[in-house]
Amino acid sequence: MENLVIQTEKLSEWVNEIIKKNKVFAPVKETDFSNFKIVNDYSEIDLSFLLPMVPAKKILFKQTETLFLFTPGSKGEVKSKEISDEKLVIFSIRSCDAKTFSILDPVFLGDYVDPFYKKRRENSILIGLSCNKPNVNCFCTSFGDSPASRDYVDILLTDLDGKYLVEIVTERGKKFIDDYKKFFASASKEDLESKEKVEKLAIEGITRKMKLEGVSEKLGKMFEHPIWYENAMKCIGCGTCTFVCPTCHCFDMQDESTLREGARIRVWDSCMYPEYTHHASGHNPRPARMNRVRNRIYHKFSYYPTNENIVGCTGCGRCIDYCSVNIDIIDIINEVGEAKL
Amino acid sequence: MVDQKQLIKTAKEIVSREDVKYIVGYKQGTYGFVTSPAFAYTPEDVESFIYNPLCKKNLAVYPILEEKLPLKRGEEEDKRKIGLVVKGCDSRALVQIIQEKGLVREDLVIIGIPCKGVIDLKKIEKRFPNQTEVVDVEENDNSEYIIKIGDTVHTIPKEELLSEVCKSCEFPNPPLYDFLMGEEVEVREKEVYSGLRGLDETPIEERWAYWEKHFQNCIRCYACREACPLCYCKTCMADMLDPQWIRRSVNLSENTAWNIMRAFHLAGRCISCGECESVCPANIPLMELNKKLEKDVKEMFKYTAGLDTEEKTLFGTFNPDDPNEFIM
């Protein structure tokens, strides 16, 4: 489709125009990290961190979602929750975070359609930003993706030092950008070549590699392998890896009420917690940390590829970055690949 | 510096004993400055053990995390001891847990390390971003860290990378150990914990805004709880459903409730290892809360946690002279 450029100094004007008509989520600086938040002015945005701590999944699949409201008691009633029709823009989403949605779609738009996710998915424009300088634990290339991939976004920006290349990827992206034509000029052949160079450098900057060949099949025969016990020994059982994961999507549902009003809420859950599989009978099918550590890997690299034909990992590296005991998913999968059965 | 050879030799001897199940120490991590807990079951496993200023993790959490799964028919409980490598604060954690009868002294074999302070991983990663290759760090006699990255040697003043909690550490030597690696280190005149000023001196509105900003970033992953050796309640109040002390909704109100309750439940128990803060993905300055409570406990009850296994716990005792101004 069309390729445009925008001068770096014009970027803020453009984004501020977008903010007038849309709810814009963008990385905002916190204490030595960034997070996606709603921004009211371009000046709030901070692009100096590669990946916001909580991935962009939280915008479409909120950590806490009110499903419906009710008044408790025998004369109580249920009130449905209106789903907002507001237009969303996710600005500066990285390719790994954008890929999230193609992995989550089968879950939330498959057999049972989740109206909240669906509405937001339909209403959101993903404006991607190529990674010029990947992090130490980035490995999107292991999945055949690129830090400057056009695959999962509507519009892709690439910082070409002084200006941004703006690649229009989808019809929705094209329709969206039509309102802002005045900010852009056509991209030249040199601009596209510059992007290629930037992309090549970024790919070279990714030093870690996950070897995925045959892993899904092999996992089928490794259910009792010592590797799960080894990693479970050092796992402290927190939920950080699953909460910062762009593809983990398990949730819990709870009724939270006072005497007069209540709500059924859906909240992110984590398979790292024993409570996650704790039956009302008292039985727990995943009683040990080993079962839980194994499940996280199997869900992403065995069950998900089997059921949905796609690996449930985007290679963002957050679970490695944030793990306090160095449980390293790249190492685990590579060890699986090398294990002699 | 701790003599790594001595550490490995001692650990090998311990793990060879018939009454020892395994020993937990540190090994090189998979990238950059990261170290990893290492579980050694045999003397060969011990070969991978390291000790350097990057070994921050409080390993005292592991005997607490030991899983006691239901035994199969005919199976007997493995009652062998667990070996542990501990620094001053880690050892204090063990003392505190033993005081509370959460662990039995005889179930542990403890290698104590006189500690000169450890590096804050977040600080060193900020200083040397994107470090893939494994890095070697040493401390010299001049209070500097010698960091070898590839062919380049960086010499950095210790203060710049040292964990904030270590700067105000009063107990660098383990109070409880079976084997001590090297001589006890000298306890220097300590500075007051930097984060305390915020809670003691800033006006209440500013203070509230500060904590609001931090608590709204909490994702309730409970890394602070799981990493803490003193957070070992069988059922945490945050997990209870009936009564539900804290709702599962992740919002400022519930996050505040969680973080405040966590801190209060550690009053008179926290041993200032700083583990909660260093594992927090949202960089919430949890040690500021812990240190404030530590200070109050010290001033009001003249009590310091984790020094003597025979001592009674703060909340297990009372004195008619205890201050009670805070009781309405």
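Trainee: In what order do the strands of the open sheet of 3 strands in chain B lie?

Mentor: Keep in mind throughout that this is a predicted model. The sheet in chain B is open and its pairing is antiparallel. Two of its strands, β6 (136-139) and β8 (152-157) of chain B, stand at the edges with a single partner strand each, so one side of each has no neighbour in the sheet. From one strand to the next the twist averages 20°, and the order is β6-β7-β8.

Trainee: Which residue is the bridge partner of Ile147(B) in β8(B)?

Mentor: Strand β7 of chain B covers residues 144-149 and pairs with β8(B) in the antiparallel sense, over 6 bridges. Within β8(B), the residue that partners Ile147(B) is His154(B).

Trainee: Which strands stand at the edges of the open sheet of 8 strands in chain A?

Mentor: That sheet has mixed pairing, and its strands follow the order β3-β2-β6-β7-β8-β9-β1-β10. A strand at an edge has a single partner strand, so one of its sides is left without a neighbour in the sheet, and in chain A this applies to β3 (34-38) and β10 (185-186).

Trainee: Which helix gives the most to the side of domain 1 of chain A that touches domain 2 of chain A?

Mentor: Chain A is divided into domain 1 (3-60 + 72-205) and domain 2 (215-338), and their C-alpha centres lie 26 Å apart. The contact takes 22 residues from domain 1 and 18 residues from domain 2. On the domain 1 side, the most, 8 residues, is given by residues 95-108, which form helix α3 of chain A.

Trainee: Which strand supplies the largest share of the side of chain A that touches chain B?

Mentor: Between the chains, 38 residues of chain A are in contact with 35 residues of chain B. Elements of chain A that each supply at least two residues to this side are α8 (226-234), α9 (240-243), β11 (251-257) and β12 (262-268). By class, this side has 15 nonpolar, 13 polar and 10 charged residues. Its largest share, 3 residues, comes from β11(A).

Methods:
Residues numbered from 1 in each chain as written. Chains lettered and ligands numbered in written order. Predicted model: local features only at pLDDT ≥ 70, side-chain atom pairs only at ≥ 80, totals over all residues. Pairing = 2+ DSSP bridges. Helix = DSSP H or I, 4+ residues; strand = E, 2+ residues; numbered from the N terminus. Contact = placed C-beta atoms within 7 Å. Nonpolar A, V, L, I, M, F, W, Y, C, P; charged D, E, K, R; others polar. Axes fitted to C-alpha atoms, helices over the stretch in contact; angles between N-to-C directions. Domains from an automatic or database assignment.
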